[in-house]
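The following exercises concern the structure shown below. Work through each task before reading its solution.

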Number of protein chains: 2
Amino acid sequence: MKYSASKENYLKTIYHLQNEQNIVTTNALAAALQAKPASITEMLKKLKAEKLLIYERYKGVRLNNEGKKVAIQIIRKHRLWEYFLVRKLQFGWNEVHEVAEELEHITSKKLIDKLDAFLDFPVTDPHGDPIPDRFGKFNNVRQISLLDLAVNKPAKVSGVTSQTTDMLELLTHKNIHIGTRLEVRKKFPFDNSLELKIKNQVPITVSEQVAKNILVHDE
Amino acid sequence: MKYSASKENYLKTIYHLQNEQNIVTTNALAAALQAKPASITEMLKKLKAEKLLIYERYKGVRLNNEGKKVAIQIIRKHRLWEYFLVRKLQFGWNEVHEVAEELEHITSKKLIDKLDAFLDFPVTDPHGDPIPDRFGKFNNVRQISLLDLAVNKPAKVSGVTSQTTDMLELLTHKNIHIGTRLEVRKKFPFDNSLELKIKNQVPITVSEQVAKNILVHDE
DNA sequence: TTATTTTTTTAGGTTTACCTAAAATAAAAT
DNA sequence: ATTTTATTTTAGGTAAACCTAAAAAAATAA
């Protein structure tokens, strides 16, 4: 159950590509991994021997259940580290990817579960992509922070990243719950606060700090 | 200025060994790195070609200034990560070494400086070893937490790991400063609090939390 | 000082993950 | 249905970091 960083990158990349292409070609992998097709073929044979994917020559590749399981754990690590870098170390969300590419290959399971707990079990990374939990389960809908929602675009609250009692108390008071439909009426650049409209209610204002922690998705 | 994890381990290990042995032998390195002497010789030739150490066949090895500089940066990373694991992720101080062995090879300079800031610039790792600063400077005296000081052993306060104003206010009030000579009179296992004796003063008591953050060294 | 033992190096392999160039297969075009 | 083009694979090579076995140098003992 321990794979080289290179193998982990192959599994992760195949996972991402097969969500768009269903069957993943050698050339697509070569482009994504910045390697030559010959190298891809070679590695696919090794990964097949390790029973991580379904591959037959000239016919492309797909992960099997075991391969998916491994890929999802790497994605979990990547996204948790990204979240850590942005929320705790004050990195910009656009500068964390490369560092997370390295951190995702640290092997300790205990480390990643403790990191998860330290971060309060976040469900979305700084780019809005879902973070799989310890068991590999995650929301398939792409969530974004309320802060990044376009003005006048209807959305539905799908979660909060910080589950402190203070935060939950505030949300209850403002009548915001999981499933609440709302839209942003106005953004105030001065303090990044937002004016929100919830159906049948008077408009309310939330601070940047609060908006940052509310996750929404389309419709 | 970028070296493989393996090369970094060689430099780090030579650094540690030459603090005891002055000249480091091939066999000593082989034992420390769990590799065969032949592999050591091979790598030493490479590191010499990269101008990181002074090496002549059959005559042992020493780091030059550049090699030391690199080694210290790796040690800095190792100890900062250990501190992070213990203080933020609640690892036991005895179970962090292996994980830090992996984390120390993450390359981002920005990451390590931001981590340092996030941790409030600690000067000692959980084992009492000094943490080099951004420029590679560090105290050579081995500091330990007051919590780990033996009863009736005279010691001198050399630093505090948490520099919050609350902590500093408490220390000022109890008359504890950098340089204060003191000894532990009694340890209360019930709450891990300590009774301290400072010369010409009445004995005082400090909690586990406070003692943990006070660093002392011998004499 | 010469012989023996220990340490270190050299010479030649192995594995991993890349590469290039040529061959095989599949897909597209005439 | 061939031919042409594109994709994929095979064959053989390289660099890094390890290995074993044998040779060379240094240290120790007789």
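Two residues are in contact if their C-beta atoms, placed from the backbone, lie within 7 Å. The model used throughout is a predicted one.

**Exercise 1.** Describe the overall build of chain A, and state what percentage of its contacts between residues at least 6 apart in sequence join residues at least 24 apart.

*Solution.* Step 1: list the secondary structure. Chain A contains eight helices and eight strands. Step 2: consider the dimensions. Along the principal axes, the C-alpha atoms of chain A fill a box of roughly 60 × 35 × 30 Å. Step 3: consider burial. Chain A has 219 residues, of which 32% count as buried. Step 4: apply the definition of a contact. Among the contacts of chain A between residues at least 6 apart in sequence, 52% join residues at least 24 apart.

**Exercise 2.** Determine which rotation superposes chain B on chain A.

*Solution.* Chain B is superposed on chain A by a rotation of 180 degrees with 0.1 Å of shift along the axis, and the RMSD is 0.2 Å. Step 2: name the relation. This is the relation of a two-fold axis. Step 3: locate the axis. B:Leu103 is the residue of chain B that comes closest to the rotation axis, its C-alpha lying at 3.8 Å. Step 4: compare the interfaces. Because 100% of the interface residues of chain B are also interface residues in chain A, the copies meet through the same surface.

**Exercise 3.** Identify the buried residues of helix H6 (residues 109–118) of chain A, and explain why they lie on the same side of H6(A).

*Solution.* Step 1: identify the residues. A:Leu111, A:Leu115 and A:Asp116 are the buried residues of this helix. Step 2: examine their directions. They cover an arc of only 135 degrees around the axis, and therefore lie on the same side of H6(A). Step 3: recall the general rule. An α-helix has 3.6 residues a turn, so residues three or four places apart point the same way. Step 4: turn to the other face. The exposed residues A:Lys109, A:Lys110 and A:Ala117 are carried on the face of H6(A) turned away from its buried side. Step 5: find the packing partners. The buried residues of H6(A) pack against helix H4 (65–87) of chain A and helix H5 (97–103) of chain B.

**Exercise 4.** Characterise the surface near DNA strand C.

*Solution.* Step 1: count the residues. DNA strand C is surrounded by 19 residues, and the closest include A:Ser4 and B:Asn27. Step 2: classify them. Seven are nonpolar, eight polar and four charged. Step 3: find the main contributor. H3(A) supplies the largest share, four residues.

How values were computed:
Residues numbered from 1 in each chain as written. Chains lettered and ligands numbered in written order. Predicted model: local features only at pLDDT ≥ 70, side-chain atom pairs only at ≥ 80, totals over all residues. Near = placed C-beta within 6 Å. Helix = DSSP H or I, 4+ residues; strand = E, 2+ residues; numbered from the N terminus. Nonpolar A, V, L, I, M, F, W, Y, C, P; charged D, E, K, R; others polar. Buried ≥ 20, exposed ≤ 12 C-beta atoms within 10 Å, placed from the backbone. Least-squares fit on C-alpha atoms with pLDDT ≥ 70 in both. Arc of directions from axis to C-beta.
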